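Here is a short report on one protein model. Look at the fold before reading on.

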Amino acid sequence: KFPYSPSYVQAGEKGLTWMPENITEYLADPAAYMRKVTDDKAAKTKMIFKLPKEADRADVVEYLKTFK
(Lines give C-alpha, C1' and ligand atoms only; values in the text may rest on other atoms or scores of the structure.)
Protein backbone atom coordinates (compact mmCIF):
# COMPACT_ATOMS: atom_id res chain seq x y z
CA LYS A 1 0.00 0.00 0.00
CA PHE A 2 1.29 3.43 -0.92
CA PRO A 3 1.64 5.80 2.06
CA TYR A 4 -0.05 9.00 0.86
CA SER A 5 1.08 12.26 2.44
CA PRO A 6 -1.24 13.92 4.93
CA SER A 7 -2.21 16.62 2.41
CA TYR A 8 -3.38 14.02 -0.12
CA VAL A 9 -5.33 12.17 2.56
CA GLN A 10 -6.92 15.44 3.63
CA ALA A 11 -7.81 16.27 0.01
CA GLY A 12 -9.42 12.85 -0.39
CA GLU A 13 -11.41 13.32 2.78
CA LYS A 14 -12.67 16.62 1.37
CA GLY A 15 -13.89 14.79 -1.73
CA LEU A 16 -11.08 15.17 -4.24
CA THR A 17 -11.60 12.89 -7.21
CA TRP A 18 -9.00 13.04 -9.95
CA MET A 19 -10.61 14.24 -13.17
CA PRO A 20 -8.88 15.63 -16.28
CA GLU A 21 -9.69 19.22 -15.32
CA ASN A 22 -8.20 19.08 -11.84
CA ILE A 23 -5.22 16.99 -12.94
CA THR A 24 -4.43 19.74 -15.42
CA GLU A 25 -4.63 22.37 -12.69
CA TYR A 26 -2.59 20.20 -10.30
CA LEU A 27 0.21 19.70 -12.82
CA ALA A 28 0.60 23.45 -13.27
CA ASP A 29 1.53 23.89 -9.58
CA PRO A 30 1.02 20.83 -7.36
CA ALA A 31 1.70 22.54 -4.02
CA ALA A 32 -0.62 25.48 -4.77
CA TYR A 33 -3.33 23.07 -5.90
CA MET A 34 -3.11 21.03 -2.70
CA ARG A 35 -3.27 24.20 -0.61
CA LYS A 36 -6.39 25.22 -2.54
CA VAL A 37 -8.29 21.93 -2.32
CA THR A 38 -7.45 21.33 1.33
CA ASP A 39 -7.91 24.98 2.33
CA ASP A 40 -4.66 24.57 4.26
CA LYS A 41 -1.84 27.05 3.70
CA ALA A 42 0.64 24.48 5.04
CA ALA A 43 -0.41 21.68 2.66
CA LYS A 44 2.53 20.01 0.92
CA THR A 45 3.24 17.61 -1.89
CA LYS A 46 6.28 15.52 -2.76
CA MET A 47 5.83 16.46 -6.42
CA ILE A 48 8.69 18.88 -6.95
CA PHE A 49 8.17 19.89 -10.54
CA LYS A 50 5.56 21.96 -12.35
CA LEU A 51 4.36 21.80 -15.92
CA PRO A 52 3.88 25.46 -16.83
CA LYS A 53 3.00 24.81 -20.47
CA GLU A 54 -0.67 24.04 -21.07
CA ALA A 55 0.22 21.77 -23.99
CA ASP A 56 2.48 19.65 -21.77
CA ARG A 57 -0.27 19.27 -19.17
CA ALA A 58 -2.76 18.31 -21.88
CA ASP A 59 -0.33 15.67 -23.17
CA VAL A 60 -0.01 14.12 -19.70
CA VAL A 61 -3.79 14.02 -19.29
CA GLU A 62 -4.23 12.38 -22.69
CA TYR A 63 -1.57 9.82 -21.79
CA LEU A 64 -3.31 9.03 -18.50
CA LYS A 65 -6.58 8.48 -20.37
CA THR A 66 -4.97 5.53 -22.14
CA PHE A 67 -5.05 3.61 -18.83
CA LYS A 68 -8.84 3.51 -18.52
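## Overall fold

Helices (H or I, at least four residues) and strands (E, at least two) are DSSP runs, numbered from the N terminus. Read along the sequence, this protein follows the pattern α-α-α-α. The radius of gyration, taken over C-alpha atoms, is 12 Å, close to the 11 Å of the globule rule (2.2 Å times the number of residues to the power 0.38), so the protein is as compact as a globular protein of 68 residues. Its C-alpha trace spans about 30 × 25 × 20 Å along the principal axes.

The model is predicted: local features need pLDDT of at least 70, side-chain atom pairs count only at pLDDT 80 or more, and totals for chains, interfaces and linings use all residues. Residues are numbered from 1 along each chain as its sequence is written, and side-chain values use heavy atoms, leaving out hydrogens and water.

## The core

Buried means under 20% relative accessible area, exposed over 50%, partly exposed in between (1.4 Å probe, protein chains only). Of the 68 residues, 25% count as buried.

A nonpolar core joins buried Ala, Val, Leu, Ile, Met, Phe, Trp, Tyr and Cys residues through side-chain atoms within 4.5 Å. The largest one has 10 residues, including Y8, Y26 and M34. Helices α1, α2 (20-28) and α3 (30-38) each give two or more residues to this core. α2 gives the most, with three.

Contact means heavy atoms within 4.5 Å. Leaving aside neighbours within four places in sequence, Y8 is in contact with W18, Y26, M34, K44 and T45.

## A residue in α1

V9 is found in helix α1 (residues 6-13). At 39% relative accessibility, V9 counts as partly exposed.
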